[in-house]
Amino acid sequence: MNNKEDERADSGVKEPYFWNPRTHEFLGRTASSWGLILLFYLVFYIFLGGMFVLTMYVMLLTLDDYKPTYQDRLVTPGMMIRPRGEAMEILYNTKDTESFDIYAQTLNNFLESYNNSLQVQNNDECPPDNYFIQEDSGEVRNNPKRSCQFNRSTLEECSGITDRTYGYQKGQPCVLIKLNRVIGMLPGKDGQSPYVTCGAKKEDSDAIGELAYYPPNGTFNLMYFPYYGKKAQLNYSQPLVAVKFLNISLNTDVNVECKINSNTLKTGGERDKFAGRVSFKLRITSPIN
């Protein structure tokens, strides 16, 4: 029998590769060989998985649940408006209720949490023009931290309380401006609060008309800072500034830019030229009688 097999081997006849009944090899390897390979990869991948878990665990130990471990990129926060429309455009017709009602409804929804009754219930009445510092006691956290009231009535004519259309129907629309939240930011010194100013781009400087700011002078009072984070400061009410366009030109595009003014924050840095400012287009269409 062995002579015949040797003859077959010498004659160049190939033995089966997928399964060899003579040597009991599967794909060229015996069961013990396959077992050693599978054991190697099992140990190898368990080791890799363990290293990954250990690395993640060590990294998570460096993180704080209440504030970022590293926060060196944000020199000046960004700004945003409400309502913002599509592509940062506010376009409507004073005679078409549906065209501006969507903006009024957006402002209503946004300001709902600023209702005076909710603010009195959830937040404190703070002394203005001073930071509301709430320090921890060593390793003992002073949480949850309290927040200062920002009452909707502070926005006066842009609060939606006396005019549910926020001036849109009269061609005197209100736009709300807010600073993006940055944990620990102190946006002013020497008791000077940061404030907002708005103006038209050069080509539209004659079309923007007179502006009114609420609160007066368009200030973000220091008492709303620093912000301690969503987890530590549960009821934080972000301060707002409302800009009312009193006699803006009708039937024309007006490109508006608003920026923050502060003795500690710079606008238009090298990393982000839009830092501390926001631009949008406003067009009010009204039939000419």
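Guide: A disulfide is taken here as a pair of cysteine sulfur atoms within 2.5 Å. This is a predicted model, in which local features need pLDDT of at least 70 and side-chain atom pairs count only at pLDDT 80 or more, while totals for chains, interfaces and linings use all residues. Residues are numbered from 1 along each chain as its sequence is written, and side-chain values use heavy atoms, with hydrogens and water left out.

Visitor: How many disulfides does a search of the whole structure find?

Guide: When the bonded cysteines of the chain are numbered in sequence order, the pairing reads 1-2, 3-4, 5-6. The search of the whole structure accordingly gives a count of three.

Visitor: Is Cys258 buried or exposed?

Guide: Cys258, in strand S9 (residues 254-261), is paired with Cys198 in strand S6 (residues 195-200), 60 residues away. Buried means under 20% relative accessible area, exposed over 50% and partly exposed in between, with a 1.4 Å probe and protein chains only. The relative accessible area of Cys258 is 1%, so this residue is buried.

Visitor: And what is the handedness of the disulfide of Cys198 and Cys258?

Guide: The S to S distance between Cys198 and Cys258 is 2.0 Å. The torsion about their S-S bond is about 110°, and therefore the disulfide is right-handed.

Visitor: Which cysteine does Cys158 join in a disulfide?

Guide: Cys158 lies in the loop between H4 and S5, and its partner, 16 residues apart, is in strand S5. With an S to S distance of 2.1 Å, the residue joined to Cys158 is Cys174.

Visitor: Which residues touch the most other members of the largest nonpolar core?

Guide: A nonpolar core is a set of buried Ala, Val, Leu, Ile, Met, Phe, Trp, Tyr and Cys residues joined through side-chain atoms within 4.5 Å. Not counting residues up to four places away in sequence, Tyr168 is in contact (heavy atoms within 4.5 Å) with residues including Ile90, Phe100 and Cys174. Of the 53 residues in the largest core, those touching the most other members are Ile90, Tyr168, Val196, Phe245 and Phe280.

Notes
Helix = DSSP H or I, 4+ residues; strand = E, 2+ residues; numbered from the N terminus.
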